[in-house]
Amino acid sequence: MAAAGTCGTGTRSTGSMVAAASTNNVTSFQRRGPRASGADSGCSRLVSIAGTRPSVRNGQLLVSTGLPALDQLLGGGLAVGTVLLIEEDKYNIYSPLLFKYFLAEGIVSGHALLVASAKEDPADILQKLPAPLIDDSYKKECDEDVCSHKMEPDIKMKIAWRYQLLPKMEAGPVSSSRFGHYYDISKRIPQELIETSKWHGFFLPEKISSAFNVESCSLTPGYMKLLQFIQNIIYKEGFDGSNPQKKQKNILRIGIQNLGSPLWGDDICCTENCDTSHSLTKFLYILRGLLRTSLSACIITMPTHLIQNKAVIARVTNLSDTVVGLESFIGSEKETNPLYKDYHGLIHIRQIPRLNNLIYDISDVKDLAFKLKKKLFTIEVREFLCLSSQS
Amino acid sequence: RHLSPRLTPSEGLARPPPPPTDNCPNGSFRPSHDSVEWEGRSLLKALVKKSALCGEQVHVLGCEVSEEEFREGFDSSINNRLVYHDLFRDPLSWSKPGKALPGGPLEALRALDKRTGSGPATIALDSLSWLLHHLPCPILCQTLHALSRQDSCPGDTLPGEQVRVLGLLHEELHGPGPLGALSSLAQTEVTLSGTMGQASAHILYRRPRQRPTLQTQWFSILPDFSLELQVEPLLESQPPSDLHTPSVDPTTHLTFNLHLSKKEREAKDSLTLPFQFSSEKQQALLRPGLGQATSHIFYEPDAYDDLDQEDPDDDLDV
């Protein structure tokens, strides 16, 4: 009790202590001041980490996915401690873009990165990240795109004229603090940004020895090694608070590419009833446990179109927090369908997590399509042909 | 009989008429799918011959036919460049261990990986189907991926150090799982089919960050295993695009009118809307930032407004 402490030595009688307490007008309930918090940075509020912001809806700490349009659809961003699962499109053209946006956002915000892949060397993946755009060059891109889109700029809306200045998907650069940046896919990220960033790479062919032993546990050796690697990095770098003397808290962004493909040693894509069918689901479960206890966010791309057993896809969806599916039109009959001619594919938000909430935080719009322009990847609400103006 | 996996055109076939193995990208893996009616071994041998003629070293892992049968039809110059690894004669290594390849197919594949260290090389796998039956699919995929990657120091790869992996796959023997898994690994996929005795190859070519392209090429293989590209036969050919119904116009058969006639459009334009403001007022409302010092009142009288300046309360006698 701080009040008793300030009253000095025990030579005073009880009565005078009470009198002293009443004169000080201090109750025995004291607010814990900065002194009591110990080794913290001195502020008892939320520590502000670069590149994050609290959600306006439930106070969860959010990081940007690299695509501000996607951030909006997910309710402001990706919550720290959760998994974003991207269901790859058939020819794996657009899902690596989302993967790269996530990693590039990590570099620009100064977060630590952990890149795991069985197909490509993580160093090569990092070399191919898109370059960040500064605000005015983005505006220029936006304007020239809008001009080319509108063929008759003189025709303004007559009835809904108040909306003519409103952009299509609220796609404006976030002018306030650094949350969500824009990137130019046609350019590579400058080398110095990669060098100043802290990243860890996990490339499966290097980590697995050439002797293919029969796995003793139910996890395939590739997954086991990856989990150990992630756990090691989280512990060593202190993302789970295990090294309290670290002053600056930072976020670890984990990116795992093509999880579940045969290159990881998992035969879930090859057969319908495989022996190691629980390997992938166990991996996701353990990964989620690791993420929940540390300041990290994870993006996983998975070729779900190759998974033969549909029940596994449902389990994988349940074990992930946010699930976004990409469906590209290449090779399907939708490619020539006039309804879809402006877009390259559809984007499905399959699941949004309920974190400390009873309700979902889903956006109202369900019919979303994406388009890959020369420099940008945009997500738009799909306009129906029938309802657009026929002027 | 038509194999549904798509085929990608290689860059070579996009230009008429260079042979298909030219300009194959580094480290590419190309399975050829065949079926009972359109066999693929001749195409494989034709591609092997082409690589050998380019001066590359060719390693063949033979599992389904004997060495003599595979070498048949090649002349001696090609046969000298061909290094044959025989798994057909003694797959389980029952004979003396010195003769056949020890360790089974997996060891043979890994040995191929180590052997090709100098110069461009082509590895032909005589059949992936045989390997799929003897090895678990993920292990085969991982080994193939390791084969087609550049194992030499990364970043130090000379343009001549490419390893090309050709594989033959019998599509009917496998389910969609292994086929999908191998297709996702492959750079180029060639599916054989044909009509009326004329073989065609549907080629699906996946470039790393671009859209995959699909092309059909008609060809025939001459007795000495040279590849001859041909023009599509005109008689009774059914190119896949003809089977598409003409693109559907969604604006027909609607219950409401989407198009306006000229008179209707004029009538629409001349209609005065109830909340139509003058353009100054519109601009002022759209840009609220300017002129916020004082508040402005915009009054535009309606058609029904009474603009009488008299105060009606004057009549009251209060």
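**Exercise 1. A ring group in chain B**

Both B:Phe70 and B:Tyr84 are buried (under 20% relative accessible area, with over 50% exposed and partly exposed in between; 1.4 Å probe, protein chains only). This is a predicted model: local features need pLDDT of at least 70, side-chain atom pairs need 80 or more, and totals for chains, interfaces and linings use all residues. Residues count from 1 along each chain as written, chains are lettered from A and ligands numbered from 1 in the order written, and side-chain values use heavy atoms, without hydrogens or water.

Task: classify the ring pair of B:Phe70 and B:Phe74, then the pair of B:Phe70 and B:Tyr84.

Solution. 
- Step 1. Rings of Phe, Tyr and Trp (its six-membered ring) pair with centres within 6.5 Å; planes under 30 degrees apart are stacked, over 60 edge-to-face, the rest tilted.
- Step 2. Take B:Phe70 and B:Phe74. Their ring centres are 6.3 Å apart and their planes stand at 70 degrees, so this pair is edge-to-face. B:Phe70 and B:Phe74 are both buried.
- Step 3. Take B:Phe70 and B:Tyr84. Here the centres are 5.7 Å apart and the planes at 50 degrees, so the pair is tilted.
- Step 4. B:Phe70 sits in helix 3 (residues 67-71) of chain B and B:Tyr84 in strand 3 (residues 82-86) of chain B, 14 residues apart, so the pair links distant parts of the chain. Helices (H or I, at least four residues) and strands (E, at least two) are DSSP runs numbered from the N terminus.
- Step 5. Look for a charge over the rings (NZ of Lys or CZ of Arg within 6 Å of the ring centre and within 35 degrees of the ring normal). B:Lys45 lies over the face of B:Phe70 at 5.6 Å from the ring centre. B:Lys45 also lies over the face of B:Phe74, at 5.7 Å.

**Exercise 2. Helix 10 of chain A and its partners**

Task: at what angle does helix 10 of chain A pack against helix 11 of chain A, and at what angle against helix 9 of chain A?

Solution. 
- Step 1. Helix 10 (residues 277-292) and helix 11 (residues 310-319) of chain A pack at about 5 degrees, with axes 10 Å apart. That makes helix 10 of chain A roughly parallel to helix 11 of chain A (under 35 degrees; over 145 is roughly antiparallel, 65 to 115 roughly perpendicular, the rest oblique).
- Step 2. List the contacts (heavy atoms within 4.5 Å). On the helix 10 side of chain A they include A:Leu284 and A:Arg288; on the helix 11 side, A:Arg315 and A:Leu319 are among them.
- Step 3. Helix 9 (residues 221-236) of chain A packs against helix 10 of chain A at about 5 degrees, with axes 10 Å apart.

**Exercise 3. Single residues**

Task: is A:Ser109 buried or exposed, and which residues does A:Thr322 contact beyond its sequence neighbours?

Solution. 
- Step 1. A:Ser109 lies in helix 4 (residues 95-109) of chain A. Its relative accessible area is 12%, so A:Ser109 is buried.
- Step 2. A polar atom of the A:Ser109 side chain lies 2.8 Å from the backbone oxygen of A:Glu105.
- Step 3. Set aside neighbours within four places in sequence. A:Ser109 then contacts A:Ala50, A:Gly51 and A:His181.
- Step 4. A:Thr322 lies in strand 11 (residues 322-328) of chain A. At 3% relative accessibility, A:Thr322 is buried.
- Step 5. With neighbours within four places left out, the contacts of A:Thr322 include A:Leu74, A:Leu85, A:Gln351 and A:Pro353.

**Exercise 4. Chain totals and an enclosed helix**

Task: how many residues of helix 8 of chain B are buried?

Solution. 
- Step 1. Chain B has 10 helices and 9 strands, and 43% of its 318 residues are buried.
- Step 2. In helix 8 (residues 176-185) of chain B, 8 of the 10 residues are buried, so this helix is largely enclosed by the rest of the structure. Among them are B:Gly177, B:Leu179, B:Leu182 and B:Leu185.
- Step 3. Chain A has 11 helices and 14 strands, and 45% of its 391 residues count as buried.

Terms used: Axes fitted to C-alpha atoms, helices over the stretch in contact; angles between N-to-C directions. Polar contact = N/O pair within 3.5 Å; in protein donor to acceptor, adjacent residues only side chain to side chain.
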